[in-house]
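Q: Could you walk me through this one, starting with the strands and then moving on to the domains and chains?

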Number of protein chains: 2
Amino acid sequence: MQIATPYLMFLGDVPDRLAAKTAYGIADWRPEWCIGQMRLPGCAADLGIPDLTLPEAVAQGCKSLVIGVANAGGVLPEHWVAEIVGALEAGLDVASGLHTRLASVPAIAEAAERHGRRLHDVRHSDETFPTGKGRERAGLRLLTVGTDCSVGKKYTVLALEKGMRARGLDADFKATGQTGVFISGRGVAIDAVVADFISGAVEWISPAADANHWDLIEGQGSLYHPSFAGVSLGLLHGAQADAFVVCHEPTRSTMRGVAHPLPSIQDVIDLTVQLGRLTNPAIRPVGIAVNTQALDEAEARALLGRLAAEHGLPATDPVRFGVEELVDRIVADFPA
Amino acid sequence: MQIATPYLMFLGDVPDRLAAKTAYGIADWRPEWCIGQMRLPGCAADLGIPDLTLPEAVAQGCKSLVIGVANAGGVLPEHWVAEIVGALEAGLDVASGLHTRLASVPAIAEAAERHGRRLHDVRHSDETFPTGKGRERAGLRLLTVGTDCSVGKKYTVLALEKGMRARGLDADFKATGQTGVFISGRGVAIDAVVADFISGAVEWISPAADANHWDLIEGQGSLYHPSFAGVSLGLLHGAQADAFVVCHEPTRSTMRGVAHPLPSIQDVIDLTVQLGRLTNPAIRPVGIAVNTQALDEAEARALLGRLAAEHGLPATDPVRFGVEELVDRIVADFPA
């Protein structure tokens, strides 16, 4: 899959920032590709880039409309269809991270056909996978896990890729979600793989590698989330993680989309080690990554200090304070 | 989905009995629908029903060729295609439990079209599901779990349905695998659902019901199986099981398809309770079901006696010794 760049980011009329996390992720990690945004009345998200009409976007060189919305269930709202058809008519390809396939909507399929434009469904893969085998493979793997969905698992591995490479380590980001695939141009959206092949797909995207090579695998969901724990477990088993980082958002009162309370960071460490041992008996935590956006700097530093002391692990906000301490710990725990 | 009966059972050239477990399951629970079998040279499975040619099967009233093979990965071998095309030409519909969609093979799609026959892919569902919510719903639910794949989870719930109904209880088998769907004519093959919707699909097939109604939900895989644990966990969370029965096969040395050893029955009880509590804090084991086929009767009874004493639970082989003790325990633990 090769998505034509640059992008016009479609935000629709999503009710909050979290619902547009795909778009924010792309804009943060590939700002040079995000020329403008397109929003409908009532939209509560804002990427802080110019609002463009379709003709303006085309005039400025945009090649693809990116549907950067990750709502629960991934459904395509009826009233967005006309906007998507308009983009195809204006000459843009359309790339979507929704579960609903663009081509399954007749008006969209017809418009793409009529105007010779391409439709990309980033959540879908035409690749077929073997079932996971759980056999040890060479190379090192780090997985991000979480106390909930949408707590910074992708940001953390992307920041680690940058930080580890800067220290001369051989490290690659491995995307497992739609945003990651938009950012890296490859990978598999694990949550859209047929259930029998979750761990097999992760084994496929992170094959055997050099002994000192790190695959930094984007985690999904949480072992404690009643909607998605199966995905998280298959991902953990397929990743055969040597190391993991626990990601957390301290202001969340219930898990995303359900009424369940969040587990503690210690709960997540314990269950990840307990269940991860099935395919890697040496799995161990190497740090804690906290999204401290809602805290002021003093509060954030105090919280991170408490967490580090409590768990005996480096704790940071990768976006705000960088990942140096995490990289230090990884280098110390896994000498070349 | 409504599959025309009776069936001609296609066994191909599978290397062992386990690989044809779908066919055995259908023949055991719906013998009146299984008129004959069709086997290729080298086939190691035998349902003990007449081997029929296609003309013989048609003459005896067969309406559908059932591909009753559940190989790992569910791939359709190249050399079966001609046989399937022959069945369509002879006037049969074809129903398959493989992951590969029949219609994705051009020769099969063309033959079905040309002869006006129907293709059923029992593992695939065109139903769309919401994500699981984990909210408590009315009614009682029993789930079978296992120390491995293929250890009798479906047989146990089918036997329980029969036994509980005979005692006047309101109980329904809920299929979650291809064989179960063939047997009940409805249900969802959970292992083929897109990963994000595993628990949501189980919530859908077992909705809120009368307070004394039992849904007997067919389990899949094992929480300890490195290929399929994610499916098992999503199923456990979606089922919100009040009760579970652990299924076991005592002669297995490694888990099916991988090199991992089997967990103990106690391991499975402990992990099922630990993880199941997320969506049903009252989850509890009510029995152990052992496939004792490889043991003589004295050995089987001795093993079951030991397991019952060790775990404080009724232990039986549902096929060999019935499920009366399990039903007694269910009635005692869940008074109307």
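Q: How many bridges join β6 of chain B to β9(B), and do the strands run parallel or antiparallel?
A: This is a predicted model, and in it strand β6 (residues 140-146) of chain B is joined to β9(B) by five bridges, with the two strands running parallel. Within that pair, B:Gly146 stands opposite B:Cys247 in β9(B).

Q: And which residue stands opposite B:Cys247 in β10(B)?
A: That is B:Ala289, and β9(B) pairs with strand β10 (residues 284-290) of chain B over six bridges, again in the parallel sense.

Q: How many residues of β9 of chain B are buried?
A: Six of the six residues in strand β9 (residues 243-248) of chain B are buried. In a regular strand the side chains alternate between the two faces of the sheet. For β9(B) both faces are covered, with B:Ala243, B:Val245 and B:Cys247 buried on one side and B:Phe244, B:Val246 and B:His248 buried on the other.

Q: Switching to domains, where are the bounds in chain A?
A: Chain A is divided into domain 1, covering 7-121, and domain 2, covering 140-333. Taken over C-alpha atoms, the centres of domain 1 of chain A and domain 2 of chain A are separated by 28 Å, and their contact takes 12 residues from domain 1 of chain A and nine residues from domain 2 of chain A.

Q: Which helix gives the most to the domain 1 side of that contact in chain A?
A: Helix α1 (residues 21-29) of chain A does, with five residues. By class, the side of domain 1 of chain A that touches domain 2 of chain A has six nonpolar, four polar and two charged residues.

Q: How many residues does each chain give to the contact, and which element has the largest share in chain A?
A: The contact takes 34 residues from chain A and 34 residues from chain B. On the side of chain A that touches chain B, the elements giving two or more residues are α7 (198-205) and α8 (229-239) of chain A, and α8(A) provides the largest share, six residues. The residues on that side of chain A divide into 17 nonpolar, 13 polar and four charged.

Note on methods: Residues are numbered from 1 along each chain as its sequence is written. Chains are lettered from A and ligands numbered from 1 in the order in which they are written. This is a predicted model: local features need pLDDT of at least 70, side-chain atom pairs count only at pLDDT 80 or more; totals for chains, interfaces and linings use all residues. Domain bounds come from an automatic or database domain assignment. Two residues are in contact if their C-beta atoms, placed from the backbone, lie within 7 Å. Helices (H or I, at least four residues) and strands (E, at least two) are DSSP runs, numbered from the N terminus. Ala, Val, Leu, Ile, Met, Phe, Trp, Tyr, Cys and Pro count as nonpolar, Asp, Glu, Lys and Arg as charged, and the others, Gly among them, as polar. A residue is buried if 20 or more other C-beta atoms lie within 10 Å of its own, exposed if 12 or fewer, and partly exposed in between; C-beta atoms are placed from the backbone. Two strands pair if DSSP finds at least two bridges between them.
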